[in-house]
Amino acid sequence: MGARDLDLLPLAASVDEARAYLRLDGGGEDALVTAMLRSATAMAEGFIGATLMSRAVEEIVPVSGDWQRLTRTPVRSITNVEGLPAE
């Protein structure tokens, strides 16, 4: 997951909840707390192989006639399948 993908990741907890847990006063660290929440969410999802919250996910898999497991679970629905050029 790249830095751009991390910016699009929804937060698993609110910034206020994280600030209360960390016992932070004031609002100067909101950007840092938000970045830490997104990073922690991405690490947790990578470790358990599942999404923590329901959201749209895009995945690119190589063409095969066999069944392929998607990396993010659980899958509620597949709304679009499209082919990409070989390049």
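Biologist: Which residues lie nearest the centre of the largest pocket, and how many line it?
Modeller: V57, E58, E59, I78 and N80 lie nearest the centre. The lining has 31 residues. Keep in mind that this is a predicted model.

Biologist: What makes it a pocket and not a cavity?
Modeller: A cavity holds points from which a 1.4 Å probe cannot get out, whereas a pocket is an open set. The volume of this largest pocket is about 1,200 Å³.

Biologist: How do the lining residues of the largest pocket divide by class?
Modeller: There are 16 nonpolar, eight polar and seven charged residues. Val and Ile count as nonpolar and Glu as charged. So V57 and I78 go with the nonpolar class, and E58 and E59 with the charged one.

Biologist: Which residues make the nonpolar surface patch?
Modeller: V61, L70, V75, I78 and V81 make the patch, with an area of about 450 Å².

Biologist: Why is V81 called exposed?
Modeller: The cut-off for exposed is over 50% relative accessible area. V81 has 72%, so V81 counts as exposed. V81 sits in the segment after α3 (30-48).

Biologist: How do you know that R19 and E29 form a salt bridge?
Modeller: The cut-off is 4 Å from a side-chain nitrogen to a carboxyl oxygen. Here N to O is 3.6 Å, so the pair qualifies. R19 is in helix α2 (residues 15-22) and E29 in the loop between α2 and α3, so the pair ties together parts 10 residues apart in sequence.

Biologist: What makes D30 and R19 a salt bridge?
Modeller: Their closest N and O atoms are 3.3 Å apart. That is within 4 Å, so this pair qualifies as well. D30 belongs to helix α3 and R19 to helix α2, so parts 11 residues apart in sequence are tied together.

Biologist: How many salt bridges does the rule give?
Modeller: The count is two. R19, E29 and D30 are linked in a network.

Biologist: Is R19 buried or exposed?
Modeller: Buried means under 20%. R19 has 7% relative accessibility, so R19 counts as buried.

Biologist: Why are E29 and D30 called partly exposed?
Modeller: Partly exposed lies between the buried cut-off of 20% and the exposed cut-off of 50%. E29 has 31%, so E29 falls in that range. D30 has 31%, so D30 counts as partly exposed.

Notes:
Residues are numbered from 1 along each chain as its sequence is written. This is a predicted model: local features need pLDDT of at least 70, side-chain atom pairs count only at pLDDT 80 or more; totals for chains, interfaces and linings use all residues. Side-chain values use heavy atoms; hydrogens and water are left out. On a 1 Å grid over the protein atoms alone, a cavity is a set of points where a 1.4 Å probe fits but cannot get out, and a pocket is an open set with protein on both sides within 12 Å along at least five of seven lines; lining residues have an atom within 4 Å of a point. Grid points are joined across faces, edges and corners, and a volume is the space filled by probe spheres set on the points. Patches are made of residues with over 30% relative accessible area and no salt bridge: like charges are joined within 9 Å, nonpolar side chains (Val, Leu, Ile, Met, Phe, Trp, Tyr) within 5 Å. Accessible areas come from the Shrake-Rupley method with a 1.4 Å probe; for residues, only the protein chains shown count as cover. Helices (H or I, at least four residues) and strands (E, at least two) are DSSP runs, numbered from the N terminus. Buried means under 20% relative accessible area, exposed over 50%, partly exposed in between (1.4 Å probe, protein chains only).
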